[in-house]
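Please open the structure in your viewer and keep the selection tool at hand. The tour goes from one selection to the next and says what is to be found at each stop.

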Amino acid sequence: MALSRRLVIFGGVAAAGGLAVGYALLPWSTLDRAKRLIAKPGTTPLSAWVRIGTDNTVTVFVPHSEIGQGVHTSLPMMCAEELDADWSLVGMEQAPPDMAFANGAMALEYLRGDTSIPSFLLGTAVFGTRKIAEYMNLQTTGGSMSVRTTGVRGMRVAGAAARAMLIKAAAAAWGVPESEIVAKQSRLSHASGKSATYGEMAAAAAAFDPPIDPPLKAKKDYTIVGKPLPRFDIPAKCDGTAVYGLDLRLPGMSHAAIAACPVFGGTLVSVNEAPAMAMRGVKKVVKLPAAVAVVADNTWRAKEALAALSPVWNEGANAAHTQASIFAGMEKALDKGDLTEDNATGDVDAALKSAKGVIEASYRVPYLAHATMEVMNCTAHFEGDKLTVWGGFQGGLDARARAAKFAGLPMENVTLKYTTIGGGFGRRLPDYYDYIDKAIAVARQVEGPVQVVFMREEDMTQDFYRHASVARMKGALDDKGHVTAWLHTFTEKHDPPEAVYVNYDFANRASRYASGTNPIPWGAWRSVDHTQQGFFIESFMDELAHAAGQDPFEFRRAHLAGAPRHKAVLEAVAEMSGWATPPAAGRARGIAMREAFATVVAQVAEVSIQDGALRVHKLWTASDPGEVVNPATFTAQMEGGAIYGLTAALYGEIAIDKGRVVQQNFTDYEMVRMADAPEQHVRIIESGARTGGAGEPGTAPVAAAVCNAIFALTGQRIRELPLKNFDLTTGKKLTAA
Amino acid sequence: MITLNVNGVPHDVDVEEAMPLLWVLRDVLNMTGTKYGCGISACGACTVLIDGVAVRTCVVPVKNAVGRAITTIEGLKQGDTLHKVQQAWIAEQVPQCGYCQSGQIMAAVALLTEKPQPTDDDIDAAMTNVCRCGAYTQIRAAIHAAAKA
Ligand code: FES
Ligand code: FES
């Protein structure tokens, strides 16, 4: 592809002397700009991504956001590995939100047809209608992409190129062949006894052109990648010094609490400001087209004064929606049968027709909110036609572009400043920057900086939700218990495309879906469509196993003849969990597996029910991400991802009534806490396959693993989440949706 | 004027008596290590120690804290030395996004004061704070490690 010729590495002398190296799918002209942006006295940028100081320190510029997934450490590890840097001298900075640091690696992966990349990473416009160059405008952190695109295609290459330039410089200085130079632990040396630190050689190295295709290390030579190294961001998160968006304090700053029309799409008609204005510390009531905000001298006064207002809303057409009407609409759409087919093989209709018996089941999942621990907030400050915006964003460059667009200002007039981020899970992705817009709209009407916050109730009721969905599954078996037909019909397909794929060797299969059934704002939610598809597919797979009279593990394994990688992961989790040995009396196990974001994950859950209450005692996870960069953060992501999925399985339910979200806070949107959290065991398998993601795959199979365990224990098949709505012993539903 | 004793230092604040301690700490004293998560005592992000006991400050009117020793995450260090719970949190690499961790650490400090060698059941009973990132394995391990330190 023509584009690959543009995958080039940039190098050169920085304005301040020293060395910097970068890779990118960028116009050549942006390199100088990138290096200017990271210039610092006593250092040399070897590219846009690596800067080496005369004191021999290395700074790696990471174009992604740290949302707790460890990327601010794992990407520098990949760079330092190829650079052969002394890890104790390596630090990082988040790359400036500037075009010069846009991330071309992600776009390249997309162009190669990777179906595990969610389209939300590429903007909403249809691919092909926009210029390639526009995709270079990416710093987005999502889709479990950072390590597998920026890391593999960018950071490693940048590190290797910088190393090559340092070697060239040493060879020239010492008059010896490059091949005789040893680069190790941030030091260059030669058998003659000559030696220099990277810092000493950096300025000379910057004079060389970086190689376009530097050789990368073999895994056996790694000294940094693959080690559980401590994360850079952790100490500040243990002593209260990390500054999250909500912690930002600026001279003259006001605080604003905001309430949007509770019905999606509604608008503000009027509001009597007097009750708020009479309260202490209140500066202003700001009316927006679809929201009202109170600006005060502190958050609590703003929130109290907001609560004193009785805004009149024009609720609009959406006010008619109830959860029951939404589900009814979905069922109707499936009845009507105006479906799009995807991922079809063989002739599933014929196979179902000729089958001796067809197994059928319907499933249903509710809406879900992200509920990041730090609520949505953003601080904005207008000074004439200049705007500064502070906050936590899953894409810095996109956030700056969004702010400029909303404010009607050129990009150059907008400064974006990062804060630490109290959770992402998709909520802080570029498509959901409503909190930036709202902060800017309020700031426009206020002197000085203003911090606009969604209090928890607002955060929960003004989210972009994992959509509710219904699925109808059909399957048939031959005499040996092999699946002859698999038909998976459901409502609403978003991202990533792979989420409906099955890795089992079904000769006749199809997935078909209805669209246009969701009237509520949709948002990517950790693992996106895998959350519901994992539950539908792996629960129904279990139903087929039982219909075939087979052990659910053996049944799955028998359908993985063509997928050795998946089979190995499945066998690993069976071995870890002692699948072959029955659990203690009163307990049962369930198994499920998914491939998500190029990582294969299999889980076994062990459960019991005591006095009607479900307890998930243990959760075993086997996971193959191809290759792992930092096993400690990978394990934490697998475990945390599983807890996120378990919370959804046990408790997660956002219901709609009169067009608005019913749930308000953690009391009615409950979370798994310590006492609910299973003992977890994670095994990482490094098959050497293409590197997969870490942040999301662990979320995908867990609901099915738990429900399959409940079936093994009680004989009750729960086909709807969350489980809190069911008497698990009888399988009866307790509350109406 | 209300006088608060925070981390051993007296502070005079001119606020409503009903204002929750959380917001006095965060927005008046600018001690933002204590976090807001829910405002209704449902998540624990705002936990501090009052006379050594873990308290959720989002529902404590500031007047109830007068004359008592308030310890926040900023006050756990002794000079340059981190509290053993903080050290264990770093050693076990507990935080993910980190937003809940001030509250988790304060709750763990209170637990270890009351029960220096807590069992897993003690931890289940005392550690009721939400961690949306799901770092429970690491929190439990860090509490056990701090108990041994
Ligand atoms: S903010 Fe106080 S318990 Fe959640
Ligand atoms: S570390 Fe993110 S909420 Fe606990």
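**Chain A as a whole**

Keep in mind throughout that this is a predicted model. Select chain A, in which 18 helices and 31 strands are assigned. Of its 737 residues, 63% count as buried, and the accessible surface of chain A comes to about 25,000 Å², with 53% of that area belonging to carbon and sulfur atoms. If you display contacts in chain A between residues at least 6 apart in sequence, 74% of them join residues at least 24 apart.

**Helices 11 and 12 of chain A**

Next, select residues 396–407 of chain A, which form helix 11, together with residues 434–443, which form helix 12; the axes of these two helices come within 10 Å and cross at roughly 40 degrees. That angle makes helix 11 of chain A oblique to helix 12 of chain A, and the crossing is right-handed. To see the contact itself, show the side chains of Ala399(A), Arg402(A), Ala403(A), Phe406(A) and Ala407(A) on helix 11, and those of Asp434(A), Ile436(A), Asp437(A), Ile440(A) and Ala441(A) on helix 12. Coloured by class, the residues of this contact divide into seven nonpolar and three charged, with no polar residue among them.

Although Phe425(A) is not a glycine, its phi is positive, at about 55 degrees. Is Phe425(A) buried or exposed? With a relative accessible area of 10%, Phe425(A) is buried.

**Ile181(A) and its surroundings**

Select Ile181(A), in the loop between helix 5 (146–174) and strand 7 (182–184) of chain A. Ile181(A) is buried, having a relative accessible area of 7%. Leaving aside residues up to four places away in sequence, Ile181(A) touches Ile167(A), Ala170(A), Ala171(A), Trp174(A), Val176(A), Leu188(A) and Ser189(A).

**Two cis peptide bonds in chain A**

Where does Pro496(A) lie? Pro496(A) is found in the loop between strand 22 (483–491) and strand 23 (509–514) of chain A, and the peptide bond that joins Asp495(A) to Pro496(A) is cis, with omega at about -15 degrees. Then go to Leu721(A) and Pro722(A), which are also joined by a cis peptide bond, here with omega at about 0 degrees; Pro722(A) lies in the loop between helix 18 (702–714) and strand 30 (726–727) of chain A.

**Chain B: a loop residue and a helix pair**

Turn to chain B and select Asn30(B), placed in the loop between helix 1 (21–28) and strand 3 (47–50). Asn30(B) has a positive phi, near 55 degrees, in a residue other than glycine, and Asn30(B) is partly exposed, with a relative accessible area of 44%.

Finally, select helix 2 (residues 84–91) and helix 3 (residues 101–114) of chain B, which pack at an angle of about 125 degrees with their axes 9 Å apart. The two helices are therefore oblique to each other, and helix 2 of chain B passes helix 3 of chain B in a right-handed crossing. Here Val85(B), Gln86(B) and Trp89(B) of helix 2 meet Gln101(B), Gln104(B), Ile105(B), Ala108(B), Val109(B) and Leu112(B) of helix 3. By class, this contact has six nonpolar and three polar residues, and no charged ones.

Methods. Residues are numbered from 1 along each chain as its sequence is written. Chains are lettered from A and ligands numbered from 1 in the order in which they are written. This is a predicted model: local features need pLDDT of at least 70, side-chain atom pairs count only at pLDDT 80 or more; totals for chains, interfaces and linings use all residues. Side-chain values use heavy atoms; hydrogens and water are left out. Axes are lines fitted to C-alpha atoms, for helices over the stretch in contact, and angles run from 0 to 180 degrees between N-to-C directions. Helices (H or I, at least four residues) and strands (E, at least two) are DSSP runs, numbered from the N terminus. Angles under 35 degrees count as roughly parallel, over 145 as roughly antiparallel, 65 to 115 as roughly perpendicular and the rest as oblique. A crossing is left-handed if the near helix is turned anticlockwise from the far one by less than a right angle, and right-handed if clockwise. Contact means heavy atoms within 4.5 Å. Ala, Val, Leu, Ile, Met, Phe, Trp, Tyr, Cys and Pro count as nonpolar, Asp, Glu, Lys and Arg as charged, and the others, Gly among them, as polar. Buried means under 20% relative accessible area, exposed over 50%, partly exposed in between (1.4 Å probe, protein chains only). Accessible areas come from the Shrake-Rupley method with a 1.4 Å probe; for residues, only the protein chains shown count as cover.
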